[in-house]
Amino acid sequence: MKFLSSQRFLMIYSGVLTLVFAGSVLMGATSTTRNASFDQITVHRINVVEPDGTMRMAISDAAEAPGSYFRNKDYPRPDRRVAGVVFMNDEGTENGGLIFGGSKDKDGKVSSFGHLSFDNYDQDQTLVLQNSQDATDKKATYIQINDRPDWPIHGLAQTMRREGAMTDPAKRNALLKEFFKTHPRGSHRAFLGTRNDHSSELVLRDPQGHPRIVAKVAADGKPELQFLDASGKVIEQFPQGVKH
């Protein structure tokens, strides 16, 4: 009887030790994962979220690129198949991003692009930094500043999704044409960069988007400064007599 009692005691003791050990491991694992440190990780996508689950940033390859986020919901964007980072505001709505890429085709022609932008609240890009090179060797690098209207861009996006215009260019153009009959457009306000013709240019526009001051250095190195009225007519020019 004493032997059986000893055996029972050892079994209970062993079980208790096993539970204590398992609990310690699990608690340790939980603690470690909240403050993990890695030398290197390999992933297709990383989602950065707030404690309540609100999406704040998505870092991804092209295959796992997110769609358009609005109020913490991801709406598909079949046209967005690029690697980069998408930024979301406090409400989980997209408000900017960084994308990049480049390749060489079977004929040896290269293309490359990089784009960083920031948006107004529930609107489109107001600050853009971009570089591009296409297969015909056209190159442009610039900073652009835009004004945006106050109407919510997600309303237009919802209409386009409902009408199936997201993947149909003809339907998209027709819908936009009709929409802008009753809604003000945004306008470019400032541009500084290089053009496809290898010139460099600074363009300042009025609130309606009309160029008013243009400072340009042509591909051959000739400088030019123009002042224009709202209709696009040159009212002052330096040097005088430059023909276009």
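**Close-up views of a predicted model**

**View 1. A nonpolar surface patch.** Phe118, Leu127, Leu129, Ile143, Ile145, Leu192, Leu202, Leu204 and Ile213 make a nonpolar surface patch of about 710 Å². Strands β8 (125-133), β9 (139-147) and β11 (200-205) are the elements that each give two or more residues to this patch. A patch is made of residues with over 30% relative accessible area and no salt bridge, with like charges joined within 9 Å and nonpolar side chains (Val, Leu, Ile, Met, Phe, Trp, Tyr) within 5 Å. Areas come from the Shrake-Rupley method with a 1.4 Å probe, and for residues only the protein chains shown count as cover. Leu204 lies in strand β11 and is partly exposed, at 35% relative accessible area (buried is under 20%, exposed over 50%, partly exposed in between).

The model is predicted: local features need pLDDT of at least 70, side-chain atom pairs count only at pLDDT 80 or more, and totals for chains, interfaces and linings use all residues. Residues are numbered from 1 along each chain as its sequence is written, and side-chain values use heavy atoms, with hydrogens and water left out.

View 2. Strands β1 (residues 45-49) and β2 (residues 55-60) run antiparallel and are joined by 5 bridges. Strands are DSSP runs (E, at least two residues), numbered from the N terminus, and two strands pair if DSSP finds at least two bridges between them. Arg45 stands opposite Ser60 in β2. The hairpin of β1 and β2 has 5 residues between the strands, and Gly53 in the turn has a positive phi of about 95°. Strand β2 also pairs with β5 (residues 83-88) in the antiparallel sense, over 4 bridges; here Met57 has Phe87 as its bridge partner.

**View 3. Salt bridges.** Side chains of opposite charge can pair when their charged atoms come close. A salt bridge is a side-chain nitrogen of Lys or Arg within 4 Å of a carboxyl oxygen of Asp or Glu, and the whole structure holds 10 of them. One of these joins Arg77 and Asp79 (2.8 Å, N to O); Arg77 is partly exposed at 22%, whereas Asp79 is exposed at 54%. Another joins Asp147 and Arg189 (2.7 Å, N to O). Asp147 lies in strand β9 and Arg189 in strand β10 (residues 187-194), so this pair ties together parts that are 42 residues apart in sequence.

How values were computed
Buried means under 20% relative accessible area, exposed over 50%, partly exposed in between (1.4 Å probe, protein chains only).
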